[in-house]
Amino acid sequence: MKVREAPVDEADDDDWFEPPTTEQDDTIEHSLFGEILDWMLAPLLLLWPMSIAITYLVAKSIANQPFDHALEDSVTVLTQQVKQADGAMLRHVPDKNGKGRDFLRGDDVDTLYYLVVGSRGEYLNGDRDLPPPQDPDKYRSGMVLFRNDTIHGTPVRVAFSYLDIPSGNDDEPSRALVQVAETLEKRAQLANEIIKGVILPQFIILPVILALVWFALARGLSPLAQLQERIRARPPDDLSPIESGQVPEEITPLVGSLNEMLARLSLSIDMQKRFIADAAHQMKTPLAGMRMQSELALRQTDHDEIHRSLLQLAKSSEAATRLVNQLLALARAENQPQAGTAFEPIELSELARGVVQDWVQASFAQHIDLGFEQPAYSILISGNAMMLRELLSNLIDNALRYTPAGGSVTVRVRSTLELAILEVEDTGPGIPQAERAHVFERFYRILGSNVDGSGLGLAIVREIAQQHGAEVDIFNNPRAQSPKLPGTLLRLSIALLLPDAPEEDDVTYG
């Protein structure tokens with residue numbers, strides 16, 4: 001093996017970059033039915049006490065209205081019984097037979113109080129303990145007003161009015177105060193009756209609402225159960241799309257995604273079936289040859305003929321072994337992690353040097369000059385070392401098989417500012433432009449090549465390159481000297497993990 005050093009360039013110093021690691025979140029199962037039910041019932045149960053409180057306030061307001069009207073009438077009656085005597089004295093004139101208090105005291109539930117006070121605050125009639133209103137100057141005369149107060153520690157509703165009493169001279173008229181107060185028992189009873197009339201039906205309606213919500217949710221989610229049954233009823237080999245016309249609009253995107261996954265799965269299974277069928281077909285040839293050569297050797301008595309049969313048997317077993325190894329390598333490449341979770345930093349030059357050393361003896365046996373070129377700086381990439389060694393081994397093997405004796409194969413490692421470049425260059429017959437799109441297909445071989453092989457080497461290269469996010473391009477060898485042997489240059493371009501090298505001018509090959 002000849003090691004050819006590439007031109008030395010200054011290396012850029014960059015910080016070490018570690019690919020981000022992702023942690024998988026723990027999955028928590030949720031019940032869609034329970035979550036919807038919670039979001040529907042929780043606001044309902046929170047608003048229900050609020051509605052009761054609001055209803056109670058409204059009921060109290062409604063209950064106050066008729067009793068306030070009755071108090072207003074009582075104040076009006078009392079003000080009509082207050083008159084002026086001799087232009088100075090105010091007095092309360094009761095009904096005949098002293099029944100003036102009786103029409104105010106005739107309630108069996110509530111207690112009524114009244115008080116009539118003269119213009120100078122003198123007591124005229126009624127209950128002395130009834131407190132007067134605060135800030136009397138802000139109230140106008142002739143209007144019946146209401147306030148809440150207490151008497152003997154009991155809350156009462158008070159209706160009061162100021163009455164203007166004209167004086168005998170030109171002075172301003174004096175004002176008398178008439179008040180009627182009532183305890184709140186009847187009001188509370190009426191408010192409670194209103195609350196009972198509203199709340200009791202709610203206790204009956206609420207369970208009905210809960211049952212209807214439960215039934216509606218179960219009914220609304222039934223298409224999910226039907227879709228589940230339809231999927232379960234499918235045969236194991238049925239990967240046809242699920243009909244989206246029988247599912248609700250909200251589930252249509254989910255069904256569409258599931259159909260896309262089924263399409264990809266169907267394509268993958270079809271590829272696996274074709275791969276197995278092609279592999280079985282390819283295995284028949286070396287196995288049939290081995291069987292024929294072994295049977296022929298058993299029938300031969302001449303030692304030379306037996307030796308020739310055993311040589312053919314050894315070649316057939318070698319071809320079968322190589323085919324099985326490539327099949328295993330391709331299967332291993334297809335099952336590598338897609339997200340790079342098994343990748344690690346790799347020095348590409350060291351990896352390539354080790355692979356080239358493994359093929360030195362094979363190149364000597366075929367009389368081919370196997371060379372290696374690398375730069376003086378380090379080239380780091382992120383990848384799977386085992387798979388990249390398999391990729392380069394297949395490229396070198398393919399180059400050695402198609403390069404005639406006396407030719408050369410060169411493995412070259414270089415880099416640009418962002419990419420690491422791995423090239424395998426040979427002086428063989430080259431790959432025609434029309435064939436370059438097909439040589440990466442499984443079991444595809446160029447007609448007329450007359451070279452033993454399975455047609456899996458470049459398929460393995462493409463699969464491993466895709467696993468690493470790399471690109472593989474095919475060019476003619478720009479250093480080929482024979483028009484009949486244009487050679488081949490296979491270039492692998494992969495992203496740098498640590499771009500140490502300065503940017504090189506890319507060379508376009510054709």
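Contact here means that heavy atoms lie within 4.5 Å, and by that criterion Ala63, leaving aside its neighbours within four places in sequence, is in contact with Arg187, Leu190 and Ala191. The structure is a predicted model, in which local features need pLDDT of at least 70 and side-chain atom pairs count only at pLDDT 80 or more, while totals for chains, interfaces and linings use all residues. Residues are numbered from 1 along each chain as its sequence is written, and side-chain values use heavy atoms, with hydrogens and water left out.

**Overall make-up**

- The secondary structure of the chain comes to nine helices and 15 strands, where helices (H or I, at least four residues) and strands (E, at least two) are DSSP runs numbered from the N terminus.
- Buried residues make up 35% of the 510 residues in the chain; buried means under 20% relative accessible area, exposed means over 50%, and partly exposed lies in between (1.4 Å probe, protein chains only).
- Among contacts between residues at least 6 apart in sequence, 67% join residues at least 24 apart.

**Ala63 in helix H1**

- Ala63 is found in helix H1 (residues 32-80), and it counts as buried because its relative accessibility is 1%.
- Although Ala63 and Leu190 are 127 residues apart in sequence, their C-alpha atoms are 5.9 Å apart in space.

- A nonpolar core is a set of buried Ala, Val, Leu, Ile, Met, Phe, Trp, Tyr and Cys residues joined through side-chain atoms within 4.5 Å; the largest has 40 residues, of which Leu391, Leu392, Val411 and Leu422 touch the most other members.
- Helix H6 (348-358), strand S10 (369-374), helix H8 (385-402), strand S12 (408-415), strand S13, helix H9 and strand S15 (488-495) each supply at least two residues of this core, and the largest share, eight residues, comes from H8.
- Apart from this core lies another, of twelve residues, among them Leu115, Leu130, Leu177 and Ala181.
- Leu391 touches Leu422, Val461, Ile464, Ala465 and Leu492, not counting residues up to four places away in sequence.
- The buried residues of H8 are Met387, Leu388, Leu391, Leu392, Ser393, Asn394, Leu395, Ile396, Asp397, Ala399 and Leu400.
- At 1.5 Å a residue, the 18 residues of H8 should span 26 Å, and the end C-alpha atoms are 26 Å apart, which agrees; the expected span of a helix is taken as 1.5 Å times one less than its number of residues.
- At the start of H8, a side-chain oxygen of Asn384 reaches to within 3.1 Å of the backbone nitrogen of Met386, a polar contact being a pair of N or O atoms within 3.5 Å, where within protein one must be able to donate a hydrogen and the other to accept it, and residues adjacent in sequence count only if both atoms are side-chain atoms.

**Thr427**

- Thr427 is placed in the loop between strand S13 (419-426) and helix H9 (457-467), and a polar atom of its side chain lies 3.0 Å from the backbone nitrogen of Ser408.
- Leaving aside neighbours within four places in sequence, Thr427 is in contact with Thr403, Pro404, Gly407, Ser408, Asn477, Leu485 and Gly487.

**Aromatic rings and charges**

- A search of the whole structure finds three aromatic pairs; rings of Phe, Tyr and Trp (its six-membered ring) pair if their centres lie within 6.5 Å, and planes under 30 degrees apart count as stacked, over 60 as edge-to-face and the rest as tilted.
- Tyr139 and Phe160 form an edge-to-face pair, 5.2 Å centre to centre with 80 degrees between the planes.
- This pair links distant parts of the chain, with Tyr139 in the loop between strand S5 (123-126) and strand S6 (144-151) and Phe160 in strand S7 (residues 154-165), 21 residues apart.
- The rings of Phe160 and Tyr162 have their centres 6.4 Å apart and their planes at 90 degrees, so this pair is edge-to-face.
- Ring pairs link Tyr139, Phe160 and Tyr162 into a cluster; Tyr139 and Phe160 are both buried, and Tyr162 counts as buried at 8% relative accessibility.
- Arg175 lies over the face of Tyr162, at 4.2 Å from the ring centre, and Arg128 lies over the face of Tyr123, at 3.6 Å from the ring centre; a charge sits over a ring if NZ of Lys or CZ of Arg is within 6 Å of the ring centre and within 35 degrees of the ring normal.

**Positive phi**

- Most residues other than glycine have a negative phi.
- His152, in the loop between S6 and S7, has a positive phi of about 55 degrees although it is not a glycine, and His152 is exposed, with a relative accessible area of 59%.
- His367, in the loop between helix H7 (360-365) and S10, has a positive phi of about 55 degrees and is exposed, with a relative accessible area of 58%.
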